[in-house]
Amino acid sequence: MWQRILALIAKEFLALLKDPRSRFVIVVPPLVQLLVFGYAATYDLNDIPYAVYNEDPGADARELLAGFRLSRHFRESARVLHDAEIAPLIDNRTVLVVVHIGPRFSRDLATGAPARVQVLVDGRDSNTALLALGYVRSVVNRFNVETAARLGQPRPPAQLETRPWFNPNLESRWFIVPGMVALLTLVVTMLVTALSVAREREQGTFDQLLVTPFRPVEILLGKALPGFIIGATESSAICLAAVLWFKVPLLGSLLTLYTGITLFLVSAIGVGLMISSLAVTQQQGLLGAFLFLVPAIILSGFATPIANMPPILQKLTLINPVRYFMVILRGVFLEGTPFHLLIDQFWPMAVIGAVNLAGAAWLFRRRLY
Amino acid sequence: MNPPAFENTSQHAPRGGAGQRLRGLIRKEFLQIVRDPSSIAIAFVMPVVLLLLFGYGLSLDAEHVPLAVVVEEPDADTASFVAAFQHSRYFAPVAMANMAEAEQALQARRVNGIVHLRENFARQRRSAGGAPVQIILNGVDANTARLVQGYVTGAWETWLAHEAQGDAATPHPPVVVEERVWFNSELRSRDFLVPGLIAVIMTLIGALLTAMVMAREWERGTLEALLVTPVAIQEILLGKLIPYFILGTGGMILSVVAAVGLFEIPLRGSLLVLFTASSLFLLAALGMGLLISILAKNQFVAGQVAIIVTFLPAFILSGFIFDIASMPGPIQFITHFIPARYFVAILQTVFLAGDVPGVIVPNGAALLVMAAFFLGLNRLKSRKRLG
């Protein structure tokens, strides 16, 4: 039996790698994409372009503005002298933030009345706007603390000492790059599996396969194992690049990591072969691959947290294998989560994989046109 | 003498002109579309399903963030501090007996952070230095952690203001920030994500519709049959482009209707600008799909290439969710080759800000260049020749 399966695997690898374009497509893009996306996918905000609109001649206003100039998060890109100049700057996205200090600022500060600083923010990108506002507040807070100390005021009754665990500098790259392992591995397994049965159906070679003494299980293994080998190789390469190139810490054990990778590959290959065996034409196979791939990635918690979704969608993500793999990857890489804490993530992937593989094997026989 | 005359008529007056040949090709393509309903599903079902799923599913607004609250020595002062968190819609505080329990909850991801009020909070709070409050956040999701940090600061400021009112000894902060957020005053991430989502979805649809069509004809040998007919190569290309352009425009209209009607995204710009930009983008996306199809010549490779070059680049490099301005220089340069980048910029502005020429014109021009580039390349790469 194993010899027959080996022959099938060899044939499958030939079909995949014989065409130089196909070979290129499977090997090069994942690595290039890891590099490009690893740098591109960041929520960290540096060099926020801002404009200053200062109507106050006093030293206090200058000092507050120095706080912005010295912050590595801001970059002064324009000076505004009239109200009318503000709108075009923000509309055309020349600046993200306008800091407006009114003519009464120094006077209010000297008399002890609340001195107001107006901050205008472009809200088109709401996430960037929120982060920029946070940085504005921290610059103003620092100025407040210094001013209060200078005026001899007591410090506020409570101070926050904030410490982020697992990712002390809050680098979003640490969050994104492990997620990228799941994304690119998923794409590669889809490339290898989702069109393979549909192609044989279209070309008529699947019928030939079915009249050979192969049992459906053997055909299934012959189709699944090449995807598994390619997926495992690529995910290992990506993990390696994450650690060596992007310097993401890998705190957990390799055993936990590879249990996750294995189960994820089984579930992803299951889905891919299921799509492939449902599709009559390759066009439908491609459509099916996209219809799975796109929601599976967007609703995986890769870019936006699952906890922010409405409850119904949160329930829906329970059938998404990528969701579990995301938790495993981030846990193993950043938190060093031990094996036993991840069992709840392991078994759903195994179930998803088993159901889909069984479904695909069943469809091999039943779907003969 | 008769045969040459006969030949002449057939050469100079073939049955029907270019227009009729083109109509015939378009009719043929439409028949093919109707017979394999997957194209119609791509154009009409996919945008609505994806927009629904992602419009609701993608959100960066953290609400009811579970926080563990550990109070070593509960009294009236700590109760007023904790109340500021309880009354905030951003938090769902959970009281925990001690730090060990809270840390365990953080590790098991049951809570996103810990607020720790140490013993003698009440006494230190009245001292000159003030009481330190320890905040621990799960930093794995750096973006959410930063947002939560902002909300924590907000709750703390609310508490300070409240304390200052009740007690003259507590000073108010010298400088107060007055925030005005333009275009999206409530900072709903959905208003920002849904317009960009339309660009991502249209990228998928444009490429999916055309990525297979030429490769399919190569593979089935029907292109050879087409090549021996009098149709010109640009007629074949137009015959492919026009039907899918019509389908894609239908999908685009559905997406805009869903965005405005269902998600209540304001549409502050004009429909004219919106549809001009969409048409340009659609031409670029269809042109890209067609190019994949022509270069790959077999459906398997065309499908693989379509998966790789469309979805993830449009998702990550278009500025739809990750701000392009935050990317390193070389990566920003690469984003200029992604048509979706220009479309996302136009959509976000047309929906939320209005017709701003400073954004629309350069991005529209870039789309025009991309469309011309892809279509021109298609023309160059397809010859009436085999092999």
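Modeller: In the classes used below, Ala, Val, Leu, Ile, Met, Phe, Trp, Tyr, Cys and Pro are nonpolar, Asp, Glu, Lys and Arg are charged, and the remaining residues, Gly included, are polar. The model is predicted, with local features requiring pLDDT of at least 70 and side-chain atom pairs pLDDT 80 or more, while totals for chains, interfaces and linings use all residues. Residues are numbered from 1 along each chain as written, chains are lettered from A and ligands numbered from 1 in written order, and side-chain values rest on heavy atoms, without hydrogens or water.

The structure contains 3 cavities of 30 Å³ or more. A cavity is a set of points, on a 1 Å grid over the protein atoms alone, where a 1.4 Å probe fits but cannot get out; a pocket is an open set with protein on both sides within 12 Å along at least five of seven lines, and lining residues have an atom within 4 Å of a point. Volumes are the space filled by probe spheres set on the points.

Chain A contributes Thr42, Tyr43, Leu45, Asp125, Asn127, Thr128 and Leu131 to its lining, and from chain B come Phe192, Ile321, Phe322, Asp323 and Ser326. By class, the lining of the largest cavity consists of 6 nonpolar, 4 polar and 2 charged residues. Helix α6 (residues 126-150) of chain A accounts for the largest share of this lining, with 3 residues; helices here are DSSP runs of H or I with at least four residues, and strands are runs of E with at least two.

The second largest cavity has a volume of about 40 Å³. Its lining is formed by B:Met202, B:Thr249, B:Met252, B:Phe275, B:Ser278, B:Ser279 and B:Leu282. Of these, 4 are nonpolar, 3 are polar and none is charged. Two helices of chain B, α11 (233-261) and α12 (271-296), each supply at least two lining residues, and α12(B) gives the most, with 4 residues.

The greatest contribution is that of α14(A), with 7 residues.

Apart from neighbours within four places in sequence, A:Gln345 contacts (heavy atoms within 4.5 Å) A:Tyr324, A:Val327 and A:Ile328. A:Gln345 is buried, at 14% relative accessible area, where buried means under 20%, exposed over 50% and partly exposed in between, with a 1.4 Å probe and protein chains only.

B:Arg109 is partly exposed, with 30% relative accessibility. Its phi is near 60 degrees, a positive value in a residue other than glycine. Most residues other than glycine have a negative phi.
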